[in-house]
Amino acid sequence: MRTLIATVFNYSLDGLLADEDTDFWKFCFGLPENSRPDDEAHLEFLRGAYAHVMGRTTYEGTSEAMMSSPDHPFSELLTSGRKVVFSRTMRTAEWAGTTIAAGDTTEEIDKLRKGGDGYIIVWGGVRLWHSLMQRDLLDELHVSMFPYVAGEGTRLFDGVPKSYELELISSTPSRSGIVYLRYRRPR
């Protein structure tokens, strides 16, 4: 069965995601890891995914960015990869290789998990992450913790179960002070 991994980028020390047009957003995208995201280990992780899962808002932003920036390190990877967008309102998807999952979230994830080894990367958004946590479907959570106290932004863990135990797999600091945290959900 395939592993479901949520990737959380641009996360502050005070538990907030970088919302567009905030000082924290500007800080995040001023660091080399975001302004030039070409780390070979990270690209290899993305290449190895069976599928890339997104909510509608994340899909719309990512597809627009990748289709308009073919030189971005993620562009070819994501454009040629299998993408699944969870949405009950979308009817068509313009980005090649995209399937729309509009049914029951648990059933749709179970379909993706069957049929082999490997992993599925969940890019977001917050509502999708919440939905997957509430259903206890995530196997791993990869968080990029930035050295920043944001004070404003979107709370990642609002609305999730009261108790959600995780085991640390690894923690790796970057030269810019970002700490990459990998957690596993104990089963």
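Predicted model: local features only at pLDDT ≥ 70, side-chain atom pairs only at ≥ 80, totals over all residues.
Residues are numbered from 1 along each chain as its sequence is written, and side-chain values use heavy atoms, with hydrogens and water left out. Local features need pLDDT of at least 70 and side-chain atom pairs count only at pLDDT 80 or more, whereas totals for chains, interfaces and linings use all residues.

Helices (DSSP runs of H or I, at least four residues) and strands (runs of E, at least two) are numbered from the N terminus. Helix α3 spans residues 40-47 and contains the buried residues Leu43, Phe45 and Leu46; buried denotes under 20% relative accessible area, exposed over 50%, and partly exposed in between (1.4 Å probe, protein chains only). These residues lie on the same side of α3, because they cover an arc of only 155 degrees around the axis, the arc being that of the directions from the helix axis to the C-beta atoms. The buried residues of α3 pack against β1 (3-11), β3 (51-55), α5 (75-80), β6 (119-124) and β7 (140-145), where contact means heavy atoms within 4.5 Å.

Gly124 and Gly125 are joined by a cis peptide bond with omega of about 15 degrees. Gly125 belongs to the loop between β6 and α7 (126-134).

Positive phi in a residue other than glycine is found at Asn10, with a value near 55 degrees. Asn10 is located in strand β1 and is buried, at a relative accessible area of 8%. For Asp136, also not a glycine, phi is positive and near 55 degrees. Asp136 sits in the loop between α7 and β7 and is partly exposed, with 31% relative accessibility.
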